[in-house]
Amino acid sequence: MQSSDNSDKRRILSALCHGSIFINTLVVSIGIPIAILLVSDDPVVKENAKEAINFHINMWVWWLVVGALSFILVGFLLFPILGLVNLILPILAILACLSNPETRYRYPFILRLV
């Protein structure tokens, strides 16, 4: 019984870390994985929280870059692509965490700062 409880808790917390990007408040969206990172004792949940934080930071940087490039009209072409990346990758992360709670999810092509 205990193993099932830990697995369910791991699934929920890991999915919450990756899904927090869908909350539009800037502080709250990254605050959720930071809080989970600080309070969780589970190493898989901690790794998923770090990965979610790294994804948030990368997305902020890319949104700023694309926003700056929109002044020379190149960014307008990149906004839809970045929007799809910002939507699809967290959904894939959530599904991976829910289907296999024993492993951590790693986003492709991101700079890991945390």
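Phe109 is placed in the segment after α4, where helices (H or I, at least four residues) and strands (E, at least two) are DSSP runs numbered from the N terminus. Phe109 has a positive phi of about 60 degrees although it is not a glycine. At 84% relative accessibility, Phe109 counts as exposed, a class defined as over 50% relative accessible area, with buried under 20% and partly exposed in between (1.4 Å probe, protein chains only).

The model is predicted: local features need pLDDT of at least 70 and side-chain atom pairs count only at pLDDT 80 or more, while totals for chains, interfaces and linings use all residues. Residues are numbered from 1 along each chain as its sequence is written, and side-chain values use heavy atoms, with hydrogens and water left out.

**Overall architecture**
- The protein chain contains 4 helices and 0 strands, in the order α-α-α-α from the N terminus on.
- The C-alpha trace spans about 60 × 25 × 20 Å along its principal axes.
- Of the 114 residues in the protein chain, 38% are buried.
- Among contacts (heavy atoms within 4.5 Å) between residues at least 6 apart in sequence, 63% join residues at least 24 apart.

**Surface and charge**
- The protein chain exposes about 6900 Å², of which carbon and sulfur atoms supply 73%; accessible areas come from the Shrake-Rupley method with a 1.4 Å probe, and for residues only the protein chains shown count as cover.

**Nonpolar cores**
- The largest nonpolar core has 11 residues, including Ile21, Phe55, Leu89 and Tyr107; such a core is a set of buried Ala, Val, Leu, Ile, Met, Phe, Trp, Tyr and Cys residues joined through side-chain atoms within 4.5 Å.
- The elements giving two or more residues to this core are α3 (43–69) and α4 (75–99), and α4 supplies the largest share, 4 residues.
- Apart from this core lies another, of 9 residues, among them Cys17, Ile30, Ile32 and Val45.
- Leaving aside neighbours within four places in sequence, Leu89 is in contact with Phe55, Leu84, Tyr105, Tyr107 and Pro108.

**Helix α4**
- With 25 residues, α4 reaches 36 Å from its first C-alpha to its last, close to the 36 Å expected at 1.5 Å a residue; the expected span is 1.5 Å times one less than the number of residues.
- The buried residues of α4 include Leu82, Asn86, Leu89, Pro90 and Ala93.

**Loop between α3 and α4**
- Leu73 lies in the loop between α3 and α4, and its phi is near 70 degrees, a positive value in a residue other than glycine.
- Leu73 counts as exposed, at 60% relative accessibility.
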